[in-house]
Amino acid sequence: MLRVGVIGAGQIGSAIAKALAGSGKYRVIASRRNIESIKDLERLGVDLTTDNRRVAGASDAVFLAVKPNKVSLVLREVSDLLDGKLLISVAAAIPTSRLGSLAPRAKIIRAMPNVGLIVKAGFTAYCRGPNITESDVKVVQELLGELGAYIEVDEDLMDAITALSGSGPAYVALLIEAMAYAGLKVGLPRDLAYRSSAYTVYGTAKLMLETGLHPSTIKEMVLTPGGTTIEGIFYLEEGGVRTAVMKAVEAATKRAREIAEKLNSSI
Ligand SMILES: NC(=O)c1ccc[n+]([C@@H]2O[C@H](COP(=O)([O-])OP(=O)(O)OC[C@H]3O[C@@H](n4cnc5c(N)ncnc54)[C@H](OP(=O)(O)O)[C@@H]3O)[C@@H](O)[C@H]2O)c1
């Protein structure tokens, strides 16, 4: 059984530990400083510790899920125990070159998941770093498959991915909230407003992914000439929703690049 470690079992790291332990396919050990707050993971068989070196030493593959500004500190602490092991960093903005210089003999993958992984509906883009072989990639894909969908990309796309699918749950949550507020405005009960908005986003995404239909085709399926939907669409277009989303992702990508530059020049 592959032994998987998670260093930095916070929001993302503990969800990774939970999904992998819950699959029954991996032996999982996870660390953070305050392990009391994630004691429930023990019920799934996750071995919890405050000792990052114990995690690195006891694992064949290690997920690094601390905040980007802690990556150097943690890798300096454990790098001698990572020789020949898989190191999968989910930290935003830290390039594989930097990871490779901190853990020169580790097999490195940089990944960008999103919070959908908490319910195994994540989307993770990953890129290859130093020392990775084809057989390592297969192992990585099996691991990421437990968290939802995944795709391999070139590293120069990672900042844009961070801005789109990494940050994306926040944009979609805002949209769901806006739709729910709209529901409240036209008199729907609160619970119905939120549930109908969330299910509408979920169902539309599922429809697109499972049928391959283009979003514009899905839109056409709902539009009747002179009907209610075109009335709503008119105001969304007037409000510039499309441009606002494009500007938001463009600005977030720029910010991801700025953060990357700042972090990588200061460490
Ligand atoms: N949140 C997202 O939507 C998202 C999406 C994609 C990628 N990411 C990336 O995932 C990483 C984690 O993000 P997050 O949102 O899960 O943050 P988080 O909840 O703050 O998790 C980070 C964890 O690291 C632990 N930690 C801090 N110092 C440590 C140390 N020296 N040794 C071991 N553990 C330590 C912290 O716990 P203690 O204080 O108890 O040690 C904390 O729980 C980040 O690098 C982020 O860029 C996040």
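Modeller: Start with Asn131, which sits in the loop between E7 and helix H5 (134-145). Keep in mind that this is a predicted model.

Biologist: Why does Asn131 count as partly exposed?

Modeller: Asn131 has 18 C-beta neighbours inside 10 Å. Buried needs 20 or more, and exposed needs 12 or fewer. The value 18 falls in between, so Asn131 is partly exposed.

Biologist: What is the phi of Asn131?

Modeller: Phi of Asn131 is positive, about 70°, although Asn131 is not a glycine. Most residues other than glycine have a negative phi.

Biologist: Which loop holds Lys120, and what is its phi?

Modeller: Lys120 is in the loop between strand E6 (107-112) and strand E7 (122-128). Phi of Lys120 is near 55°, a positive value in a residue other than glycine.

Biologist: Why is Lys120 called partly exposed?

Modeller: Lys120 has 16 other C-beta atoms within 10 Å. Buried would take 20 or more, exposed 12 or fewer.

Biologist: What makes Ile161 buried?

Modeller: Ile161 has 24 C-beta neighbours inside 10 Å. The cut-off for buried is 20 or more, so Ile161 passes. Ile161 belongs to helix H6 (residues 158-166).

Biologist: Which residues does Ile161 touch, not counting those up to four places away in sequence?

Modeller: Ile161 touches Met112, Ala125, Val153 and Gly166. Contact here means C-beta atoms within 7 Å.

Biologist: Why is Arg54 partly exposed?

Modeller: Arg54 lies in helix H2 (residues 52-57). Arg54 has 16 other C-beta atoms within 10 Å, which is between the limits of 12 and 20, so it is partly exposed.

Biologist: How far is Arg54 from Ser165 in space?

Modeller: The two are 32 Å apart, C-alpha to C-alpha, and 111 residues apart in sequence.

Biologist: Which domains does the assignment give?

Modeller: The domain assignment gives domain 1 (2-155) and domain 2 (168-256). Their C-alpha centres lie 33 Å apart.

Biologist: Which residues come nearest to the ligand?

Modeller: Gly8, Gly10, Arg33, Asn34 and Ala91, out of 25 residues around the ligand. Helix H1 (residues 11-22) gives the largest share of that shell, three residues. By class, the shell has twelve nonpolar, nine polar and four charged residues.

Technical notes. Residues are numbered from 1 along each chain as its sequence is written. This is a predicted model: local features need pLDDT of at least 70, side-chain atom pairs count only at pLDDT 80 or more; totals for chains, interfaces and linings use all residues. A residue is near a molecule or strand if its C-beta atom, placed from the backbone, lies within 6 Å of it. Helices (H or I, at least four residues) and strands (E, at least two) are DSSP runs, numbered from the N terminus. Ala, Val, Leu, Ile, Met, Phe, Trp, Tyr, Cys and Pro count as nonpolar, Asp, Glu, Lys and Arg as charged, and the others, Gly among them, as polar. Domain bounds come from an automatic or database domain assignment. Two residues are in contact if their C-beta atoms, placed from the backbone, lie within 7 Å.
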